[in-house]
Amino acid sequence: MNDAVLSPPPPGTQGGPKVLLEVFGCQMNKLDGELVAGALRKAGYDFTDRDEEADAVLMVTCSIRDQAEHRVHSHLGELAVLKRSRPELAVGVLGCMASREGSALLQRWPALDFVAGTRDFPKVASLLDEVRADRVRLVAVDGDPRVSEERDLAVRPHRARAFLTVMRGCDKRCTYCVVPRTRGFEVSRPMHEILDEAKRLVDDGVTEITLLGQTVNAWGRAFGSSLGDLFHEFERLDGLRRVRFTTSHPEEMDERLVAAMAACRKAGLFLHLPPQSGSDAVLRRMARGYTAARYREIVQQLREAIPFVQLGADIIVGFPGESEDDFELTYQLMEDVRFSQAFVFRYSPRPGTPAFGALVDDVPDDVKRARLATLLDLQARLASERHASMHGEVHEVLVEGTSRRDSRRMFGRNLAFDRIVFPGDPSLVDEYVHVRLGESTALTLAGELVADPAFAG
Ligand code: 5AD
Ligand code: SF4
């Protein structure tokens with residue numbers, strides 16, 4: 001079975017046709033998957049996590065790197081075989097790959113019945129109805145940029161945690177990135193709509209909301225608002241305990257947001273602030289709009305204003321023209337900033353991006369791999385050091401689930417988004433507990449439950 005399948009499947013309409021819904025890629029896609037599941041449920045569909053049982057297989061897809069698309073293509077290959085014995089099975093590709101390739105996907109895969117782009121999720125149920133009734137093949141890739149967020153609370157996967165989209169699309173033009181093409185221009189949702197949705201979520205038991213946007217810290221700019229204004233509103237929302245947000249763009253850090261993060265108790269102490277590279281020459285070719293020095297300055301300002309803030313990185317290695325010296329500068333930046341977590345990717349040329357065709361993918365794959373391994377080693381060392389320095393501290397943890405490695409241990413996250421493991425049982429999921437940190441590795445922080453320090457003698 002594929003790890004992208006929603007498991008357990010969302011609650012559906014008993015007896016309705018069964019959909020296997022697979023979600024690949026980012027958090028935005030996970031939330032899109034929930035929206036699609038809600039619309040399907042409303043239209044009378046049920047869900048399954050098994051190929052053999054499914055009347056339809058739908059995939060919410062990601063185009064960010066070649067590898068992500070590759071997984072979907074290989075699954076389409078498997079489904080083509082399955083469909084020989086089960087011709088009535090309906091297959092749909094939704095989201096980024098559908099937006100990027102449209103009808104070309106249908107041409108390549110005769111077993112595929114329909115594609116629906118990132119702005120066409122509201123139509124998915126009617127497209128599927130039509131495909132099943134008339135055996136037609138359909139393409140929907142020109143939807144409204146302001147996809148309405150009619151949310152079905154019954155399909156939320158976690159009781160205490162929820163994502164909330166505050167903006168869609170991206171107005172940046174980072175030269176490696178396919179997102180502006182697949183998700184289109186930036187549109188911020190109005191504040192009242194966001195607050196209404198947040199209230200509905202909190203009334204339904206949510207205590208932690210993660211605000212999503214491709215450049216989430218640019219939210220509201222078009223109408224003179226700042227994400228910081230939202231934090232102040234959330235601070236007054238009874239029942240809500242934590243607000244996270246992702247992903248931020250260094251160029252979009254504004255003072256109101258920083259001040260709000262410093263002032264609001266519920267604001268998560270974590271910023272995913274991808275530098276992508278530490279070399280000015282590479283940053284220029286990526287069209288990121290800042291230099292490494294400016295990035296360091298932003299980090300310093302953040303740390304001065306918000307003492308316990310932690311930072312997360314995305315780094316691309318092997319971008320066209322990246323020399324050993326350029327790479328060394330990225331290494332330096334990571335060593336100096338000391339991110340609490342870092343994702344490192346090998347550059348993957350994406351058709352339709354400004355870099356594609358214009359810049360030669362000239363860093364050999366073995367060099368990319370070696371650079372990636374070097375940065376992961378560095379990150380492991382930095383994380384181990386940081387984790388070791390935290391022993392003895394007590395952290396409030398929102399419990400997320402049972403540890404995959406050891407079923408007698410649970411895991412959750414503190415306000416700074418560190419993953420923390422402790423002995424416990426599943427009754428603690430969605431609760432807030434306090435953990436005294438005692439052991440750690442590069443990847444985990446572990447400790448023992450302690451009584452809430454606020455009530456301790
Ligand atoms: N190749 C490699 N990594 C990429 N990313 C985006 N586009 C590409 C690409 N073409 C990375 C960036 C981004 C993260 C989500 O994926 O680091 O921040
Ligand atoms: Fe892609 Fe850059 Fe927009 Fe992020 S900010 S989605 S990397 S174009």
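This is a predicted model: local features need pLDDT of at least 70, side-chain atom pairs count only at pLDDT 80 or more; totals for chains, interfaces and linings use all residues.
The domain assignment divides the protein into three stretches: domain 1 spans 18-140, domain 2 spans 153-382 and domain 3 spans 394-455. The C-alpha centres of domain 1 and domain 3 are separated by 36 Å.

Helix α7 covers residues 191-203, and its axis comes within 11 Å of that of α8. The two axes cross at roughly 35°. The crossing of α7 past α8 is right-handed. On the α7 side, the contact uses Met191, Ile194, Leu195 and Ala198. Their partners in α8 are Asp229, Leu230, Glu233 and Phe234. By class, this contact of α7 with α8 holds six nonpolar and two charged residues, with no polar ones.

Helix α8 (residues 227-235) also packs against helix α9 (residues 255-263). Here the axes come within 7 Å and cross at roughly 25°. Angles under 35 degrees count as roughly parallel, and α8 and α9 are therefore roughly parallel to each other. The crossing of α8 past α9 is left-handed. From α8, the contact draws on Leu227, Gly228, Asp229, Phe231 and His232. These meet Arg256, Leu257, Ala260, Met261 and Ala263 of α9. The contact of α8 with α9 comprises six nonpolar, two polar and two charged residues.

Helix α11 contributes Ala292, Tyr295, Arg296, Val299 and Arg303 to the contact. Helix α12 supplies Gln332, Leu333, Asp336 and Val337. Five residues in the contact of α11 with α12 are nonpolar, one is polar and three are charged.

Two backbone features were noted in loops. Most residues other than glycine have a negative phi, and most peptide bonds are trans. The peptide bond between threonine 246 and threonine 247 is cis, with omega at about 5°. Threonine 247 sits in the loop that links β11 (242-246) to α9. Glutamine 276 is not a glycine, yet its phi is positive, at about 70°. The loop holding glutamine 276 runs between β12 (270-272) and α10 (280-286).

The surroundings of ligand 2 were also listed. Cys170, Lys172, Cys174, Tyr176, Cys177, Val179 and Pro180 are among the residues around ligand 2. Gln214, Thr215, His249 and Arg288 also belong to this shell. By class, the shell around ligand 2 contains six nonpolar, three polar and two charged residues. Lys172 and Arg288 are the charged residues in that shell.

Notes
Residues are numbered from 1 along each chain as its sequence is written. Chains are lettered from A and ligands numbered from 1 in the order in which they are written. Side-chain values use heavy atoms; hydrogens and water are left out. A residue is near a molecule or strand if one of its heavy atoms lies within 4 Å of it. Axes are lines fitted to C-alpha atoms, for helices over the stretch in contact, and angles run from 0 to 180 degrees between N-to-C directions. Helices (H or I, at least four residues) and strands (E, at least two) are DSSP runs, numbered from the N terminus. Angles under 35 degrees count as roughly parallel, over 145 as roughly antiparallel, 65 to 115 as roughly perpendicular and the rest as oblique. A crossing is left-handed if the near helix is turned anticlockwise from the far one by less than a right angle, and right-handed if clockwise. Contact means heavy atoms within 4.5 Å. Domain bounds come from an automatic or database domain assignment.
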